Amino acid sequence: MTSSALPHPDPAALARDPRALADLLLAISNEAAARPADVRVVHAPGRVNLIGEHTDYNLGFVLPVAIDLGIAIALVPTADRRVELTLAATGETLGFNLDDLGPKRGAWIDYVAATAWALAERGLQTQGFRGVLASDLPQGSGLSSSAALELCSSLALSGGELPATDRMTLAQTAQRAENGYVGVNCGLMDQFASSLGRPGHALLLDCRSLEHRAIPMADPDLALVACHSGSPRKLETSAYNERRSQCEAAAAAILGGEPGEASLRDVTAAMLEEARPRLDPVVAARAEHIVHENGRVLAAVAAFEAGDLAEVGRLFGASHASMRDLFEISSPELDALVEIASGVDGVIGARLTGAGFGGCTINLVRRSAVPALREAVMRDYPARTGLAPRVLEVAASAGARRVL
Ligand code: GLA
C-alpha cells in the first residue's frame with residue numbers, strides 16, 4: 001500500500017460515502033487496483049440505548065437503537081490468509097495472518113483479529129483482505145464503536161458478505177470476540193443492535209430468551225439527540241467489570257449458588273427487600289438498580305406503544321437517577337448534560353446511555369425543540385464543566401450490511 005492519499009481530511013464523510021471509500025482503496029492498494037470489480041464496501045452502525053442499562057449481562061431487558069453513525073470498510077478479498085487494514089483517519093496500517101493471529105497488540109486491530117478468532121471458533125469461514133476503514137462515530141463517545149468494528153469486520157472477513165449464519169448468532173459471535181479475546185465482559189446489547197438494527201425502530205431484547213421485537217420510533221415529530229460529554233472514559237473497563245461482579249455477587253447472595261450461576265433477572269423487588277439486611281449495602285444498591293431498571297424497560301415500551309411520552313420521560317429521569325445514585329456510573333459531566341436538557345421545553349426525557357463513566361446522554365426531543373437543546377448545551381455545558389460538548393441528532397438505522 002502507498003499512503004499518498006492519507007491521512008484523509010474528512011474520514012467521517014468517507015464513512016457515509018461508499019463510492020468514495022472504494023475509490024480511496026483503489027488509490028492505495030495494488031491488490032484493489034488490479035481487481036477493481038472485486039472491491040466492496042461493508043458498514044455497521046453504532047447504537048444508543050433508550051433504556052435498560054447494565055441489564056443485558058443480568059439477562060434482563062434492553063431497548064437499543066442502531067444509529068446512522070458507524071464504521072465502513074472498503075475491501076478487496078484475497079486468496080492469501082493475510083488481513084491488512086488501513087485507517088483513513090491516520091493512514092496507519094495494521095494486519096495479521098488468519099492462521100496465526102499472534103499476540104494482542106493493544107490496538108484497534110485487536111478487534112478485527114478477535115472477530116476472526118470468534119468466527120473460526122464458531123466454524124464460520126474467514127478470508128483475507130486488503131481494506132481501508134472510515135468512521136463517523138466520535139471516538140470514545142460510548143456509541144459502541146467496538147461493536148460496530150466487530151460487526152463490520154465480520155462481513156469484511158467473509159469476503160464482504162454476511163457470514164453464513166443468522167444475525168443473532170453473528171451478534172453472539174461478536175460478543176464472544178470481545179469477551180474471549182479482547183477481555184471486556186460486555187453483554188450482548190451493542191452487538192445485537194449493530195447486527196439487527198432496523199430503520200425507524202428501537203429493538204426490545206430479552207437477553208435471556210433472546211426474543212426480540214421492533215418498536216416503531218417513526219413519529220416525525222420526535223428526534224433522538226445524543227449529547228457527547230467530551231469526558232474521557234478512563235476507568236471504564238475495570239469499573240464495568242467490577243459492576244458485573246457486584247451484580248453476580250448480589251444474585252448469588254439472594255438466590256444461592258456460585259457467582260455467575262444465578263441472575264438478577266430472577267430477583268423481584270420484594271425478594272431484594274427481604275434479603276437486604278444480609279447484603280453489603282453497595283451490592284444491594286447495585287441490585288436495586290437492575291431490578292427496577294428491568295421494570296422500567298418494559299414500562300417504557302408500553303408507554304411508547306400507548307403514545308404516552310410523558311411517562312417515557314419520567315422513566316428516563318428515574319433511570320438516570322438510579323444510575324447516578326445506586327449503580328454509580330454517572331459523572332458530574334453527564335449529570336450536567338441531563339440537568340441542562342431537562343430545563344429545555346420540548347425535551348421529553350434525558351439520561352446517560354451505554355456503560356457510563358463518560359460518553360453520551362440520549363435525549364428524546366420534540367423535533368421543534370432540537371435547536372433550543374443544542375443552544376442550551378453549547379452555552380451552559382462548557383461554562384459548567386470546561387469541556388466542549390457535541391450534539392448529535394441520530395436516526396434509527398439498519399444493521400450491518402454490504403453497501404457497495
Ligand atoms: C456497554 C456494554 C453493553 C452494556 C452497556 C450498559 O455498552 O458493551 O453490553 O452492558 O455497556 O448497558
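Does Leu59 count as buried, exposed or partly exposed, and at what relative accessibility? I looked this up and found that Leu59 counts as partly exposed, at 30% relative accessibility; buried means under 20% relative accessible area, exposed over 50%, and partly exposed in between, with a 1.4 Å probe and protein chains only.

I noted that this is a predicted model, in which local features need pLDDT of at least 70, side-chain atom pairs count only at pLDDT 80 or more, and totals for chains, interfaces and linings use all residues. Residues are numbered from 1 along each chain as its sequence is written, and side-chain values use heavy atoms, with hydrogens and water left out.

Entry on backbone angles. I found Leu59 in the loop between strand 1 (40–49) and strand 2 (61–62); helices (H or I, at least four residues) and strands (E, at least two) are DSSP runs numbered from the N terminus. Leu59 is not a glycine, yet its phi is positive, about 60°. Ser144, also not a glycine, has a positive phi of about 70°. Ser144 lies in the loop between strand 6 (128–135) and helix 5 (145–156), and it counts as buried at 9% relative accessibility.

Entry on a peptide bond. I recorded a cis bond between Leu6 and Pro7, with omega about -5°. Pro7 sits in the segment before helix 1 (11–15).

Entry on helix contact. I saw that Ser146, Glu150, Leu151, Ser154 and Leu155 in helix 5 meet Leu170, Ala174 and Glu178 in helix 6, contact being heavy atoms within 4.5 Å.
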